Amino acid sequence: MVMGGFSRAVVGDYCKDERRTLVTACNSVVSGKAPTNLCCYRLRVTPLSCVCPVITPALAALIDVNKAVKIIQGCGRTVPRHFKCGSITTP
């Protein structure tokens, strides 16, 4: 199936690359360090449509939502209240 000129495979590959780039850029955050400039940039530009579908209940159980929201907001991206992203709903 073609969506807006892109096949699902291309969109899937794009999102996979976007997620991989985000995870690599923000790896230090996982170990409790402050986000780097590159991490903040990736948090601002990575499409939520690429990230939210992979937030399963198992992954959501590993994430401190309040901390994640503070990091994302600290990097300049707005996080709406009660926003649903995969299995997570923001406070």
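Modeller: With -50° about the S-S bond, the disulfide of C40 and C75 is left-handed. A disulfide here is a pair of cysteine sulfur atoms within 2.5 Å. This is a predicted model: local features need pLDDT of at least 70, side-chain atom pairs count only at pLDDT 80 or more, and totals for chains, interfaces and linings use all residues. Residues are numbered from 1 along each chain as its sequence is written, and side-chain values use heavy atoms, with hydrogens and water left out.

Biologist: How many residues apart are C40 and C75?

Modeller: C40 sits in helix α3, and C75 in the loop between α6 (65–74) and β3 (84–85). Helices (H or I, at least four residues) and strands (E, at least two) are DSSP runs, numbered from the N terminus. The pair links distant parts of the chain, 35 residues apart.

Biologist: Is C39 buried or exposed?

Modeller: Buried means under 20% relative accessible area, exposed over 50%, partly exposed in between (1.4 Å probe, protein chains only). C39 has 0% relative accessibility, so C39 counts as buried.

Biologist: Which hand does the disulfide of C26 and C39 have?

Modeller: The sulfur atoms of C26 and C39 are 2.0 Å apart. The torsion about their S-S bond is about 105°, so the disulfide is right-handed.

Biologist: What pattern do the disulfides of the protein chain follow?

Modeller: The count comes to 4 disulfides. With bonded cysteines counted along the chain, the pattern is 1-5, 2-3, 4-7, 6-8.
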